[in-house]
Structure formats: C-alpha cells, structure tokens
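Subject: Structure handover

Hello,

Please find the structure below, followed by notes on what was found in it.

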Amino acid sequence: MHSLRPRLSSVAAAMDGCGSPAGKRRIMVVADLGRESAAALEWALYHAVLEHDEIILLHVEPVSARRASALSSFLSRPPSAVSPVLFPQAAVAVAAAVGAGDGCGDYEFLDAMRARCQAVQPTVTVQIERVEMESKDKAAAILTQTQLSRADILVIGQRRNATSFLGCKLSGSMSSKGPDTAEFLIENSKCLCVGVQKKGQNAGYLLNTKTHKNFWLLA
C-alpha cells in the first residue's frame with residue numbers, strides 16, 4: 001500500500017529524515033478521548049504513516065491513587081465529548097458507562113483507535129502503550145516514553161485556541177501558565193514532534209513543529 005500523504009510538504013520532508021536507514025519508523029500518537037487526539041490520529045494515518053512504519057498509541061493516565069477521581073471526572077462528561085465519527089464504538093461505550101455509573105468501557109477507545117489504524121493502514125504494526133505518570137506532569141511522562149520506546153516521530157493533538165493563526169497567543173490562553181503539553185513537547189522532544197489542529201470539517205490541518213509554525217495543510 002502506498003503512502004496516503006501528499007509528497008510536497010516541508011513537514012513531510014522533515015519526517016522523511018526520521019527513522020532507521022531501512023526506512024521503518026516508529027510513529028507515536030498521544031491517544032485519549034478528546035477530539036484533538038482523534039484529529040491527530042487521522043492526520044498521521046493519511047499524511048505521515050508509510051506502509052512499513054509502526055504505530056504506537058500512547059495513553060498517559062494518573063497513578064492508581066488518582067485514577068478513581070480522574071475516571072469519575074471523565075464519566076461525568078457528556079458522551080458527545082467523544083468523537084462519534086472516528087470512534088463510534090467508544091462513544092457508545094462511554095454513553096453506556098455514564099448511564100450505568102461504572103467504569104466499564106473506559107479503555108475501549110484505544111481498541112477503536114487501533115481498529116481505525118488497521119482499517120486505513122492494514123500493513124502497519126499497531127501497539128498500545130498505557131503509562132501511569134508519577135506526577136501531574138503529563139508532558140514529562142510522554143517525553144520519557146518517547147525515549148524508552150525509541151519513537152522517531154511524536155504526534156499530538158492541539159486545541160484550537162492554543163495559538164492564533166498568526167502564531168500569537170490568544171487572550172485567555174495558557175500564556176500566563178506557561179506552555180501547554182503540546183507546545184512543551186514540540187520544543188523539547190528529541191524526536192520530531194508534530195502538533196496537529198483540525199481546522200473545521202473540510203478546512204484541513206494546522207501543523208506545528210519546532211521549525212515549522214502554523215503550517216496549513218489542506219484536507
């Protein structure tokens with residue numbers, strides 16, 4: 001199966017330099033239930049992954065002592081918070097869990113994401129990694145895992161209000177609290193990190209790397 005990504009892209013050119021001489025690359029996608037993660041996975045599948053690559057779906061969660069509180073908060077979210085278009089099975093599972101008031105189905109979205117990978121890129125290997133972070137620093141946990149897993153490319157979804165189209169901070173953004181998780185990883189990851197923002201249904205993606213800011217890629 002040939003690559004589904006366009007070949008004429010400066011970001012794609014940067015990705016071509018990643019990986020082993022044999023051409024196989026380990027592409028890590030930060031996986032959670034947010035729309036940003038869903039968009040990041042879609043971009044990776046259609047614009048980054050090649051037929052001999054390996055996909056790692058990384059989910060970072062609190063340690064056991066904090067997990068009950070985090071799960072309770074998650075279950076209180078409406079089912080609409082899960083992307084029903086990309087992960088219909090996960091959306092149904094979340095709806096059922098909310099109705100039942102228990103934690104069943106809390107990781108089914110990872111299986112749905114793996115199924116999506118196998119449907120779009122059937123020749124690639126897909127594995128799921130679940131990591132507990134020892135502190136509240138999610139970015140540090142992801143950074144450590146990229147090194148342990150020897151990832152060549154890290155893909156993470158970015159919220160639309162993280163940066164403006166011109167690259168300036170929007171009012172009410174996290175500028176007073178320091179960079180968000182995606183921005184920190186883009187600047188500090190030893191491997192290439194691509195931040196992905198979905199710009200509407202058919203408006204393409206806004207990509208950010210350490211050397212390319214607000215790169216617009218049409219869908």
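Helices (H or I, at least four residues) and strands (E, at least two) are taken as DSSP runs and numbered from the N terminus. On that basis the protein chain has seven helices and seven strands, and from the N terminus their order is α-β-α-β-α-α-α-β-α-β-α-β-β-β.

This is a predicted model, in which local features need pLDDT of at least 70 and side-chain atom pairs count only at pLDDT 80 or more, while totals for chains, interfaces and linings use all residues. Residues are numbered from 1 along each chain as its sequence is written, and side-chain values use heavy atoms, with hydrogens and water left out.

The chain as a whole: 47% of the 219 residues count as buried, meaning under 20% relative accessible area with a 1.4 Å probe, protein chains only. Contacts are heavy atoms within 4.5 Å; of those in the protein chain with a separation of 6 or more, 69% are between residues 24 or more positions apart.

In strand 2 (residues 54-62), nine of nine residues are buried. Two strands pair if DSSP finds at least two bridges between them. Strand 1 (residues 26-30) pairs with strand 2 in the parallel sense over five bridges, and Met28 has Ile56 in strand 2 as its bridge partner.

Regards

Terms used: Buried means under 20% relative accessible area, exposed over 50%, partly exposed in between (1.4 Å probe, protein chains only).
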